[in-house]
Amino acid sequence: ITAKRSSQDTVTAVGEEGDDPPKEASWKAALKTTVVDIDAGEFRGHKVSLWDLLHSHYIPEENRKELLELYEAGELTLEQVKTVVSTIVTRAAAAAAAAAERAEPAAPVDEPRAEPVATEAEPTPLHGD
């Protein structure tokens, strides 16, 4: 699927200020204000805008351009972009984590492993006696 853009829109958006904001501003604003709670990579535990996810190292440039063109042209809804981007980032982060695990040498068998240490010996009572 190819999205076509007219050069006239680009000239208007860049060169002139009219009463209406350029179309680009509304779709960009939607991407910047729509946040995703994604459990992958450095985004784990944070809400991240679709715009930031699209421009992360997890999304290849050619995919980003295609998604932006399709979204701007109205071929994809915001929800579809959210789904596609979330899927790509989750899979790419999982692949990167798996590659990192394979690259790290395993701990030698003859060395003792550290045991988890409890932070508290006894539970703290919620109410005073």
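I began with α5: at 1.5 Å a residue, its 26 residues should span 38 Å, and the end C-alpha atoms are 37 Å apart, which agrees. The expected span here is 1.5 Å times one less than the number of residues in the helix. Helices (H or I, at least four residues) and strands (E, at least two) are DSSP runs, numbered from the N terminus.

**Ground rules.** This is a predicted model, so I note that local features need pLDDT of at least 70 and side-chain atom pairs count only at pLDDT 80 or more, while totals for chains, interfaces and linings use all residues. Residues are numbered from 1 along each chain as its sequence is written, and side-chain values use heavy atoms, with hydrogens and water left out.

**Whole chain.** I counted 5 helices and 2 strands in the protein chain, and the order along the sequence is α-α-β-β-α-α-α. Of the 129 residues, 22% are buried; buried means under 20% relative accessible area, exposed over 50%, and partly exposed in between (1.4 Å probe, protein chains only). The accessible surface is about 10100 Å², with 53% of it belonging to carbon and sulfur atoms. Those areas come from the Shrake-Rupley method with a 1.4 Å probe, and for residues only the protein chains shown count as cover. I also looked up contacts (heavy atoms within 4.5 Å): among those in the chain with a separation of 6 or more, 49% join residues 24 or more positions apart.

**α4 against α5.** How do the axes of α4 and α5 cross? The axes of α4 (residues 61–72) and α5 (residues 78–103) come within 10 Å and cross at roughly 170°. The two helices are therefore roughly antiparallel to each other. For the record, axes are lines fitted to C-alpha atoms, for helices over the stretch in contact, and angles run from 0 to 180 degrees between N-to-C directions. Under 35 degrees counts as roughly parallel, over 145 as roughly antiparallel, 65 to 115 as roughly perpendicular and the rest as oblique.

From α4, the contact uses Asn63, Leu67 and Tyr71; from α5, it uses Leu78, Val81, Val84, Val85 and Ile88. I sorted these into 7 nonpolar, 1 polar and no charged. In that scheme Ala, Val, Leu, Ile, Met, Phe, Trp, Tyr, Cys and Pro are nonpolar, Asp, Glu, Lys and Arg are charged, and the others, Gly among them, are polar.

**Along α5.** Which residues of α5 are buried? They are Val81, Val85, Ser86, Val89 and Ala93. Lys82, also in α5, is partly exposed at 25% relative accessible area. Outside four places in sequence, Lys82 touches Thr34, Val35, Val36 and Leu50. Thr83 of α5 is partly exposed at 45%, and its C-alpha atom lies 9.7 Å from that of Val36.

**The strand loop.** I finished on Ala40, in the loop between β1 (35–38) and β2 (46–49). Buried or exposed? Ala40 is buried, at 3% relative accessible area. Beyond its neighbours within four places in sequence, Ala40 contacts Val89, Thr90 and Ala93. The C-alpha atoms of Ala40 and Thr90 are separated by 5.4 Å, though the residues are 50 apart along the chain.
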